[in-house]
Number of protein chains: 4
Amino acid sequence: MKIALIIENSQAAKSSIVHDALRAVAEPLGHQVHHYGMYTPEDKASLTYVMNGLLAGILLNSKAADFVVTGCGTGMGTMLAANSMPGVFCGLIIDPTDAFLFGQINDGNAIAMPYAKGFGWAAELNLQDCYRKLFDGERGLGYPKERAQIMAKNRGILKELKAASCHDMLTVLKSVDQELLKSAIAGERFEEFFFANAQDNAIADYVRRVRAS
Amino acid sequence: MKIALIIENSQAAKSSIVHDALRAVAEPLGHQVHHYGMYTPEDKASLTYVMNGLLAGILLNSKAADFVVTGCGTGMGTMLAANSMPGVFCGLIIDPTDAFLFGQINDGNAIAMPYAKGFGWAAELNLQDCYRKLFDGERGLGYPKERAQIMAKNRGILKELKAASCHDMLTVLKSVDQELLKSAIAGERFEEFFFANAQDNAIADYVRRVRAS
Amino acid sequence: MKIALIIENSQAAKSSIVHDALRAVAEPLGHQVHHYGMYTPEDKASLTYVMNGLLAGILLNSKAADFVVTGCGTGMGTMLAANSMPGVFCGLIIDPTDAFLFGQINDGNAIAMPYAKGFGWAAELNLQDCYRKLFDGERGLGYPKERAQIMAKNRGILKELKAASCHDMLTVLKSVDQELLKSAIAGERFEEFFFANAQDNAIADYVRRVRAS
Amino acid sequence: MKIALIIENSQAAKSSIVHDALRAVAEPLGHQVHHYGMYTPEDKASLTYVMNGLLAGILLNSKAADFVVTGCGTGMGTMLAANSMPGVFCGLIIDPTDAFLFGQINDGNAIAMPYAKGFGWAAELNLQDCYRKLFDGERGLGYPKERAQIMAKNRGILKELKAASCHDMLTVLKSVDQELLKSAIAGERFEEFFFANAQDNAIADYVRRVRAS
């Protein structure tokens, strides 16, 4: 699985704590981690939580990433922004049991976590535990397993509801503030990761044009 | 403020615990609580978490409610469903500090809470504390207050992003599975609360037609 | 390691949830679990949280157990009672990071957990995660490891402080209310586990006499 | 009520955050806050968590303080040290519901809180909420109130158990490492607060002699 990591400006100083924790868990399980930034608080390309959400929408809808790990001070703003995008189902995860249940019941494709609220000593251990609950083994099996079928059915209905509610991603890209979009895709490693992995040509082309404009 | 309470089927047995806690806090503060169900696990009108989200979208976009309090076993499914609706910004709230920060920073119009995960003894006290942080005093003031302006600005950008991403609510109502919609508005007190308070005639008319069909 | 499980009356209905979770983690790691009761709310031998603490003191000071897992509604009363005993260092554990840090930094010999407060859906998963953090691998290594030495030194000073503060266990057994003591050791499997494993003859003899009296 | 605040060396940098939060809640409720240090990480008089516990024992047994608020990185070490002292019943408090239940059910005389683990952004709000649950209104009323009597009874039995287990405080003071004791009472405002408020002459005299030695 290709896991994209997205960090916003207020928590950019913790970028490597999060990145290290994610790699420590995900890579031995055979997943790739693509860190789309921010990398430090001094990065030229600054991401707000709204941009995090937009970027998550781009990466997931283009299939440049299979899963997005993101967050902000409380995780809440990023979660709201990510969930405003078509096809994105972003959980807010605080502890390992949240992560497990989200993976098994909701089987979403993104998580936001708080990197300031409740983020104290040894928080890196909690990050790792949460990642392990999500990325080790199969998701979507239901919990308890006897309820797997009804849970899967409801996920399908939710997907349809969201599809009825949102424009497709290309339309979204054309409608959003183009400066906001430009900022969301300005990260210094965006080009490297995105164009090598995106599988939706229409989205990739549009993104390419915006970057060039 | 008109606060709508929505409970889904898996946690319907806790309906009055939640309702009592919400009323105990909100009514002395001058707010009205409209309980849209479910009221008991045996209700004829059964709500799934997806329907909770759709109903939240109807109530907020029609201005039948100013704020929605909802949830499910983990709160996650309902939060995802609510956030898939236009104009709905639904936080996932676990503890009073979450509630406070969501109110001051994100200033959303809905919350989902877990009524099974972590919901043990004395959980009614936590519900009350969370409600108090949200409904006592003004929201959207920022925290810390020095950052109020930038937080307000980002909220505005998020609203625009979501507006670019979603269809308007009437279009959503017409596009979603009509059986799902019918179930979401079948609660026994829906008619009483909704038609007396909805301020959007087009939504109200469409809802009326669906109920009559 | 011999791990003793002690459950008090208010949470006796959850006895097998806790027992199953503990066995599922501890036995594959090579530990033995001795369940001293309560087993059901209807047990003849009823344990209050105060008795839990006294029993923990007996088991640890006699070396009938190497580690005690106990708790009550909030975990707090049992923790206070256990920590009133000589040689018992009982952590209050809520989440896996608590368990890990307690194991590595404090390296105590008992934990109390809440089995009612915060104990909702999927709480059995949190129990297992906490046990795993405690019982898988070596404890007392410090966290971060660079601080292992100072942490070990402080543990030693704490042990001396407690030794200066408390009577020895045999004296405690003779001084406490003998009816309380009798109730604490009345569990239906106490005899089976305790006398086969206790390594302190004076304590074992005293306990035998009290049981016979 | 006289509330003593005790901060240990690893969290001394947060001394004024904790002090400010405690004063903000306790003083308007009519309580006095005596901050026994540490005040900054550079204080001459350095307190370890073991010393915190010993100092809590001195203040409570001499009645120089009615309640002790203390803690450390996780709160655990300080809680263990405080609970090793005669007559000290120290809760480990994470969230407001813990604080409320500890106050109503266990009605102890000290709390330890974590000032590093889980202590992130807006943690000062959680401190205040916890203090309010403890210091606003009467403690020991039970929760639910129908169980007040049995809860009070068990508290009495716990007190007797601990009395049977521990030496009296004066004996403890004479038995502990005298250098440890000297360090525990070396804070720059200890003299000012302690001698003006202690009501046990024997403890006060012994402490005076140790300070002078």
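This is a predicted model: local features need pLDDT of at least 70, side-chain atom pairs count only at pLDDT 80 or more; totals for chains, interfaces and linings use all residues.
Hi everyone. Between chain B and chain C, the count of salt bridges is 0.

How many residues of chain B are in contact with chain C? There are 8 of them, and they meet 8 residues of chain C. The area buried between chain B and chain C comes to about 530 Å², with carbon and sulfur atoms giving 70% of that. On the chain B side, B:Ala116, B:Gly118 and B:Trp121 lose the most area to chain C, and together they account for 65% of what that side buries. There are also 2 residue pairs in polar contact between chain B and chain C, both at pLDDT 80 or more. If you sort the residues on the side of chain B that touches chain C, you get 3 nonpolar, 4 polar and 1 charged.

Now please turn to chains D and C. Here 41 residues of chain D are in contact with 41 residues of chain C. The buried area between chain D and chain C is about 3500 Å², and carbon and sulfur atoms give 69% of it. And the salt bridges? Between chain D and chain C the count is 4. One to look for on your screen is the salt bridge from D:Asp95 to C:Lys117, where the closest N and O atoms are 2.8 Å apart. Across the interface of chain D and chain C there are also 8 residue pairs in polar contact, both at pLDDT 80 or more.

Which parts of chain D build this side? The elements giving two or more residues are helices H2 (49-61), H3 (76-83), H4 (96-106), H6 (148-165) and H7 (169-175), along with strand S4 (90-92). The largest share, 8 residues, comes from H6(D). By residue type, the side of chain D that touches chain C divides into 24 nonpolar, 12 polar and 5 charged.

Next, one lysine in chain A. A:Lys117 sits in the loop between strand S5 and helix H5 (123-135) of chain A. Is this lysine buried or exposed? A:Lys117 counts as buried because its relative accessible area is 15%, and the cut-off for buried is under 20%. Who are its neighbours? Leaving aside residues up to four places away in sequence, A:Lys117 touches A:Gly73 and A:Thr74 in its own chain, B:Asp95, B:Thr97, B:Asp98 and B:Leu101 in chain B, and D:Trp121 in chain D. With B:Asp95, the side chain of A:Lys117 makes a polar contact of 2.7 Å.

Let me finish inside chain A, with strand S3, residues 67-72. This strand is mostly covered, with 6 of its 6 residues buried. What lies on each face? A:Phe67, A:Val69 and A:Gly71 are on one side, A:Val68, A:Thr70 and A:Cys72 are on the other, and all are buried. S3(A) also has strand partners. Strand S1 (residues 2-5) of chain A runs parallel to S3(A) and is joined to it by 3 bridges. Within that pairing, look for A:Ala4 opposite A:Val68. Strand S5 (residues 110-114) of chain A pairs with S3(A) as well, in the parallel sense, over 5 bridges. There you can find A:Cys72 opposite A:Pro114.

Note on methods
Residues are numbered from 1 along each chain as its sequence is written. Chains are lettered from A and ligands numbered from 1 in the order in which they are written. Side-chain values use heavy atoms; hydrogens and water are left out. Contact means heavy atoms within 4.5 Å. Buried area is the accessible area (1.4 Å probe) that two parts lose on being put together, summed over both. A salt bridge is a side-chain nitrogen of Lys or Arg within 4 Å of a carboxyl oxygen of Asp or Glu. A polar contact is a pair of N or O atoms within 3.5 Å; within protein, one must be able to donate a hydrogen and the other to accept it, and residues adjacent in sequence count only if both atoms are side-chain atoms. Ala, Val, Leu, Ile, Met, Phe, Trp, Tyr, Cys and Pro count as nonpolar, Asp, Glu, Lys and Arg as charged, and the others, Gly among them, as polar. Buried means under 20% relative accessible area, exposed over 50%, partly exposed in between (1.4 Å probe, protein chains only). Helices (H or I, at least four residues) and strands (E, at least two) are DSSP runs, numbered from the N terminus. Two strands pair if DSSP finds at least two bridges between them.
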